[in-house]
Amino acid sequence: MARVKRAVNAKKKRRTVLSRAKGYYGAASRTYKYAKEQVQHSLQYQYRDRRNKKREIRSLWITRINAAARMSDMSYSQFMHGLKLSGIELDRKVLAQMAYEDIESFNELVAIAKKALDA
C-alpha cells in the first residue's frame with residue numbers, strides 16, 4: 001500500500017481553525033489546541049443563539065404591543081383576545097411595528113378590540 005503524507009491536509013485543517021479563532025482572547029486565538037476547543041464552543045453557541053434570537057425578538061414585539069395597548073388603558077392579553085374576537089388576523093411583528101411607528105392606527109385597533117370585548 002502506498003504511503004500517505006498528511007502534512008498538507010493537517011496544515012490546512014489547523015489553518016482553518018486558527019482563522020476562525022481570530023479575535024479570540026489569549027491562547028484561544030494563537031494555539032491550535034485551545035483555538036480548536038474555543039471554535040467548537042463558538043459553533044455550539046452560534047447554533048443555540050440562532051434559535052434564541054427568535055424568542056427574544058418575539059418577546060420584544062410583545063413588550064412593544066403591551067406598552068402601546070396600556071397607553072390606551074388595555075392590557076396585552078385583553079387586546080389580543082379582542083382582536084381575535086373581531087376577526088383581525090395581524091401578527092405580532094406587524095402590530096409591534098404599528099405600535100412603534102403609527103400609533104393612530106394602532107389606537108383604532110385598540111378601539112376595535114374594546115368594542116369586540118364589550119359585545
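**Surface charge and helix burial in a predicted model**

Glu101, Asp102, Glu104 and Glu108 gather on the surface in a patch of negative charge. The structure is a predicted model, in which local features need pLDDT of at least 70 and side-chain atom pairs count only at pLDDT 80 or more, while totals for chains, interfaces and linings use all residues. Residues are numbered from 1 along each chain as its sequence is written, and side-chain values use heavy atoms, with hydrogens and water left out.

A patch is made of residues with over 30% relative accessible area and no salt bridge, where like charges are joined within 9 Å and nonpolar side chains (Val, Leu, Ile, Met, Phe, Trp, Tyr) within 5 Å. Lys and Arg count as positive and Asp and Glu as negative, whereas His and the chain ends are not counted. The place of a charge is taken as NZ of Lys, CZ of Arg, CG of Asp or CD of Glu. Accessible areas come from the Shrake-Rupley method with a 1.4 Å probe, and for residues only the protein chains shown count as cover.

A positive surface patch is formed by Arg6, Lys11, Lys12, Lys13, Arg14, Arg15 and Lys36. Helix H1 (residues 7–20) gives the most to this positive patch, with five residues. Arginine 6 is placed in the segment before H1 and, at 59% relative accessibility, counts as exposed. Arginine 6 and arginine 51 are separated by 45 residues in sequence and by 38 Å in space, C-alpha to C-alpha.

Side chains of opposite charge can pair when their charged atoms come close. A salt bridge requires a side-chain nitrogen of Lys or Arg within 4 Å of a carboxyl oxygen of Asp or Glu, and by this rule the count comes to one salt bridge. The pair consists of aspartate 49 and arginine 48, whose side chains meet at 2.9 Å, N to O. Aspartate 49 is partly exposed, with a relative accessible area of 34%, and arginine 48 also counts as partly exposed, at 42% relative accessibility.

In helix H3 (residues 76–86), the buried residues are Tyr76, Phe79, Met80, Gly82 and Leu83. They lie on the same side of H3 because they cover an arc of only 160° around the axis, the arc being that of the directions from the helix axis to the C-beta atoms. On the other side of H3, Lys84 and Leu85 are exposed. An α-helix has 3.6 residues a turn, so residues three or four places apart point the same way.

Aspartate 73 lies in the loop between helix H2 (32–71) and H3. Although aspartate 73 is not a glycine, its phi is positive, at about 60°. Most residues other than glycine have a negative phi. Aspartate 73 is exposed, with a relative accessible area of 69%.

Serine 105, by contrast, is buried, with a relative accessible area of 18%, and is found in helix H5 (residues 103–118). Serine 105 and leucine 95 are 10 residues apart in sequence and 10.0 Å apart in space, C-alpha to C-alpha.

Technical notes. Helix = DSSP H or I, 4+ residues; strand = E, 2+ residues; numbered from the N terminus. Buried < 20%, exposed > 50% of the residue type's maximum accessible area, 1.4 Å probe, protein only.
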